[in-house]
Amino acid sequence: MCSAKEPEVKLMVLGLDKSGKTSLLKCIAGEDISKVVPTYGFNIRNYEMNGVILNVWDIGGQKGLRSYWNTYCDASDGCIFVIDSSDQERLNEAAMELMNILDEDVLSNLPLLILVTKSDLQGSLTAKEVIGS
């Protein structure tokens, strides 16, 4: 008897460097996040959730890598854009990068989740404040 292959979903996780992309993936995997190092290039993680394989690409957010985001997004099924709510100095930069990826043809029709992180830190903005800024 042959078993049907589980469906696979490819997701991109994008955002500025130090926004919490890698920590997010480590949390999903139940890994320790106390010693996260910056992602130079990309990390690929596979998770099985409710009978679906999630193929998640954590793409580095340093300025020099952002122009390559769209090349990694080919054949993606969705995008998660991570914004650090405690980094108020770079909210405009994050917004500009989000607008840049939304202008790309390859991403224009993909489902998008905007995830606001680090709201537990003192002085962080709420998700509503991040969206309004």
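Asn46 lies in strand β2. The model is a predicted one.

Q: Why is Asn46 called exposed?
A: The relative accessible area of Asn46 is 53%. A residue counts as exposed when this value is over 50%, so Asn46 is described as exposed.

Q: Which residues does Asn46 touch, not counting residues up to four places away in sequence?
A: Asn46 touches Ile53, Leu54 and Asn55. Contact here requires heavy atoms within 4.5 Å. As for Val9, the C-alpha atoms of Asn46 and Val9 are 9.7 Å apart in space, while the two residues are 37 residues apart in sequence.

Q: How do you know that β2 and β3 pair?
A: Two strands pair if at least two bridges are found between them. Between β2 and β3 there are 8 bridges, in the antiparallel sense. Within this pairing, Tyr47 stands opposite Leu54 in β3. The two strands form a hairpin with 2 residues between them, and Asn50 in the turn has a positive phi of about 50°.

Q: What makes β1 and β4 a pair, and in which sense do they run?
A: The pairing of β1 (residues 8–15) with β4 (residues 78–84) extends over 5 bridges and is parallel. Leu14 has Phe81 in β4 as its bridge partner.

Q: What is the strand order of the sheet, and what kind of pairing does it have?
A: The order is β2-β3-β1-β4-β5, in an open sheet of 5 strands with mixed pairing. β2 (42–49) and β5 (112–117) each have a single partner strand, so they stand at the edges, with one side of each left without a neighbour in the sheet. From one strand to the next, the twist averages 25°.

Q: How do you know that helix α4 packs on the sheet?
A: Helix α4 (residues 91–103) touches β1, β4 and β5, and its direction makes about 170° with that of β4.

Q: Why is Leu102 called partly exposed?
A: Leu102, in helix α4, has a relative accessible area of 34%. Buried means under 20% and exposed over 50%, so Leu102 falls in between and is partly exposed.

Q: Which residues make the nonpolar surface patch?
A: Met99, Leu102, Leu112 and Ile114 make this patch of about 320 Å². At least two of its residues come from each of α4 and β5.

Conventions. Residues are numbered from 1 along each chain as its sequence is written. This is a predicted model: local features need pLDDT of at least 70, side-chain atom pairs count only at pLDDT 80 or more; totals for chains, interfaces and linings use all residues. Side-chain values use heavy atoms; hydrogens and water are left out. Helices (H or I, at least four residues) and strands (E, at least two) are DSSP runs, numbered from the N terminus. Axes are lines fitted to C-alpha atoms, for helices over the stretch in contact, and angles run from 0 to 180 degrees between N-to-C directions. Patches are made of residues with over 30% relative accessible area and no salt bridge: like charges are joined within 9 Å, nonpolar side chains (Val, Leu, Ile, Met, Phe, Trp, Tyr) within 5 Å. Accessible areas come from the Shrake-Rupley method with a 1.4 Å probe; for residues, only the protein chains shown count as cover. A salt bridge is a side-chain nitrogen of Lys or Arg within 4 Å of a carboxyl oxygen of Asp or Glu. Buried means under 20% relative accessible area, exposed over 50%, partly exposed in between (1.4 Å probe, protein chains only).
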